[in-house]
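Subject: Structure for your files

Hello,

Here is the structure you were going to look at. My notes on one helix and its surroundings follow below it.

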Amino acid sequence: MRRRRAEQRESLADPKYSNRLVAKFINAVMLQGKKTVAENIVYGALDIIEEKNHETGALKIFQKAIDSARPKLEVKSRRVGGATYQVPMEVPVARGNALAMRWIRDFARKKKGKPMEVKLADELLAASKGEGPAIRKRDDTHKMAEANKAFAHLRW
């Protein structure tokens, strides 16, 4: 018999913007427990975005970037009688946000020759406009799910 499910802890909002999503993003950017460094990077990136688009606001652009990079569908491997099928599944919002933040962070890290704040700001601006590698990754994920729609009946 299974025990009860572990309850989800609500994360605290970040100090500057009082936004939970920004706090999650800071944690996603953080390396080796250096939260202050991660905060400086994320806040630096949001300041750069604010300078470029002060009429829209950095928080709105950040939110739009995460929303547009968030996948609706993904594929998960499922073994049925010796064969492995890629079964398309809907992505819960929390996981979708986590994937979007991870993709944006990873593509920003891959770029070379600029400080991390600038790379992150560029990546967030591109994602908010519906372009850039994070959006391509989302589209590829959707294409994969679409191509494997025939196995949707194997969902569990």
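In α1, the buried residues are Leu21, Val22, Ala23, Phe25, Ile26, Ala28 and Val29. Please keep in mind that this is a predicted model. The helix is mostly covered, with 7 of its 10 residues buried. The cover over those buried residues includes α2, α3 (58-69), α4 (93-110) and α5 (116-128).

The start of the helix

Asn19 caps the N-terminal end of α1, and one of its side-chain oxygens lies 2.7 Å from the backbone nitrogen of Leu21. Leu21 is itself among the buried residues of α1. Ser18 sits in the segment before α1 (20-29). Ser18 has a positive phi of about 50°, although it is not a glycine. Ser18 counts as exposed because its relative accessibility is 58%, the cut-off being over 50%.

Gln32 is in the loop between α1 and α2 (35-52). Gln32 also has a positive phi, near 55°, and is a residue other than glycine. With 78% relative accessibility, Gln32 counts as exposed.

Packing against α2

Two packed helices are described by the angle between their axes and the distance between the axes. For α1 and α2, the angle is about 120° and the axes are 8 Å apart. The two helices are therefore oblique to each other, and α1 passes α2 in a right-handed crossing. On the α1 side, the contact is made by Val22, Phe25, Ile26, Asn27 and Val29. On the α2 side, Lys35, Ala38, Glu39, Ile41, Val42, Tyr43 and Leu46 take part. By class, this contact has 9 nonpolar, 1 polar and 2 charged residues.

Packing against α3

What is the angle between α1 and α3? Their axes cross at roughly 70° and come within 11 Å. That makes α1 roughly perpendicular to α3, and the crossing is left-handed. Leu21, Val22 and Phe25 of α1 meet Leu59, Phe62, Gln63 and Ile66 of α3. The residues of this contact divide into 6 nonpolar, 1 polar and no charged.

Val22 and Phe25 take part in the contact with α2 and also meet α3. Both are among the buried residues of α1.

Regards

Conventions. Residues numbered from 1 in each chain as written. Predicted model: local features only at pLDDT ≥ 70, side-chain atom pairs only at ≥ 80, totals over all residues. Heavy atoms only, no water. Helix = DSSP H or I, 4+ residues; strand = E, 2+ residues; numbered from the N terminus. Buried < 20%, exposed > 50% of the residue type's maximum accessible area, 1.4 Å probe, protein only. Contact = heavy atoms within 4.5 Å. Polar contact = N/O pair within 3.5 Å; in protein donor to acceptor, adjacent residues only side chain to side chain. Axes fitted to C-alpha atoms, helices over the stretch in contact; angles between N-to-C directions. Parallel < 35°, antiparallel > 145°, perpendicular 65-115°, else oblique. Left-handed = near helix turned anticlockwise from the far one by under 90°. Nonpolar A, V, L, I, M, F, W, Y, C, P; charged D, E, K, R; others polar.
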